[in-house]
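This briefing accompanies the structure shown below.

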Amino acid sequence: ANMRNVVVTLHTSSEVKLMPVEATLGCHELAVESPIKQFGEASAYDQYGFSILTLSGGYSGTSFAVENTSADKMLELTMDCDGSTNTRSHTGDLKRTVTVPPGEVELIHHLSPDEPHNPWGWTYALSFLQKAAEA
C-alpha cells in the first residue's frame with residue numbers, strides 16, 4: 001500500500017476526525033509546489049514563456065520551480081547550480097532538467113547547505129528548449 005506514517009498534534013476544543021488516506025503523487029506535488037507558487041518570488045522571462053519561482057527559507061534553504069506560461073509549447077529547462085558553494089539539492093545532483101507542459105509548474109531544486117555549520121550560497125545557469133505541445 002502507498003501509505004506514509006505521520007505524527008499529528010492538535011490543540012483544539014473542536015471535534016476533529018482523522019482517517020487514513022492513500023498518498024498520491026498528485027497530492028504530494030500539490031503540497032510541494034503550492035507554497036512556491038503562492039509565496040515565491042517570480043523572475044519572469046516573458047519573451048521565452050516561463051518564470052522561475054524562488055522561495056527562500058533563510059538558512060534552511062531555497063526552493064526553485066519553473067512555471068511554463070506558454071499556452072501551446074512544452075518547455076524543457078535545465079538549471080545548473082554546479083557553481084554553488086557548500087550546497088546540495090534534494091535531487092542529489094546540482095544540475096537538473098525538467099519538462100513542463102503549457103500552464104504547469106514543476107519543482108526544480110530544494111537547495112540547502114551541505115554542511116550546515118559552514119557558509120553556503122547558490123548560483124545557477126539556465127538553458128531551455130521549447131517544443132510544440134503534443135495534442
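**Overall architecture**

The protein chain contains one helix and eight strands. The model is a predicted one. Read from the N terminus, the order of elements is α-β-β-β-β-β-β-β-β.

- The C-alpha trace extends over about 50 × 45 × 30 Å along its principal axes.
- The chain has 135 residues, of which 30% count as buried.
- Its accessible surface amounts to about 9,200 Å², and carbon and sulfur atoms account for 50% of that area.
- Of the contacts between residues at least 6 apart in sequence, 56% join residues that are at least 24 apart.

**Nonpolar cores**

- The largest nonpolar core comprises 14 residues, and Ile52, Val66, Leu77 and Ile108 have the most contacts inside it.
- At least two residues of this core come from each of strand 2 (50-56), strand 3 (62-68), strand 4, strand 6 and strand 7 (105-113).
- Strand 4 provides the largest share, three residues.
- A further core of six residues lies apart from this one; Ile36, Leu53, Val105 and Leu107 are among its members.
- In soluble globular proteins, nonpolar side chains tend to be buried together.
- Beyond residues up to four places away in sequence, Ile108 touches Ile52, Phe64, Ala65, Val66, Leu77, Met79, His90, Thr91, Arg96 and Val98.

**Salt bridges**

- Two salt bridges are found in the whole structure.
- One of them joins Glu76 to Lys131, with the closest N and O atoms 3.6 Å apart.
- This pair connects distant parts of the chain, since Glu76 belongs to strand 4 and Lys131 to strand 8 (residues 125-132), 55 residues apart.
- Glu76 is partly exposed, its relative accessible area being 29%; Lys131 is likewise classed as partly exposed, at 38% relative accessibility.
- Asp114 forms a salt bridge with Arg88, the closest N and O atoms lying 3.9 Å apart.
- Here too, distant parts of the chain are linked: Asp114 is in the loop between strand 7 and strand 8, Arg88 is in strand 5, and 26 residues separate them.
- Asp114 counts as partly exposed at 39% relative accessibility, and Arg88 is partly exposed with a relative accessible area of 43%.

- Asn86 occupies the loop between strand 4 (73-80) and strand 5.
- Is Asn86 buried or exposed? Its relative accessible area is 18%, under the 20% limit, and Asn86 is therefore classed as buried.
- The Asn86 side chain reaches the backbone oxygen of Pro119 at a distance of 3.1 Å.
- Leaving out neighbours within four places in sequence, the contacts of Asn86 are Ser112, Pro113, Asp114, Glu115, Asn118, Pro119 and Trp120.
- Asp114, one of these contacts, is also the salt-bridge partner of Arg88.
- Asn86 has a positive phi of about 50°, although it is not a glycine.
- Most residues other than glycine have a negative phi.

**Exposed positions**

- Gly92 lies in the loop between strand 5 (87-89) and strand 6 (95-100).
- Gly92 has a relative accessibility of 72%, which is over the 50% limit, so it counts as exposed.
- From C-alpha to C-alpha, Gly92 and Leu111 are 9.9 Å apart in space, while 19 residues separate them in sequence.
- Val6, Val8, Leu10, Val16 and Leu18 make a nonpolar surface patch of about 500 Å².
- Val6, a member of this patch, is located in the segment before helix 1 (25-39).
- With a relative accessible area of 68%, over the 50% limit, Val6 is therefore classed as exposed.

Note on methods
Residues are numbered from 1 along each chain as its sequence is written. This is a predicted model: local features need pLDDT of at least 70, side-chain atom pairs count only at pLDDT 80 or more; totals for chains, interfaces and linings use all residues. Side-chain values use heavy atoms; hydrogens and water are left out. Helices (H or I, at least four residues) and strands (E, at least two) are DSSP runs, numbered from the N terminus. Buried means under 20% relative accessible area, exposed over 50%, partly exposed in between (1.4 Å probe, protein chains only). A polar contact is a pair of N or O atoms within 3.5 Å; within protein, one must be able to donate a hydrogen and the other to accept it, and residues adjacent in sequence count only if both atoms are side-chain atoms. Contact means heavy atoms within 4.5 Å. A nonpolar core is a set of buried Ala, Val, Leu, Ile, Met, Phe, Trp, Tyr and Cys residues joined through side-chain atoms within 4.5 Å. Patches are made of residues with over 30% relative accessible area and no salt bridge: like charges are joined within 9 Å, nonpolar side chains (Val, Leu, Ile, Met, Phe, Trp, Tyr) within 5 Å. Accessible areas come from the Shrake-Rupley method with a 1.4 Å probe; for residues, only the protein chains shown count as cover. A salt bridge is a side-chain nitrogen of Lys or Arg within 4 Å of a carboxyl oxygen of Asp or Glu.
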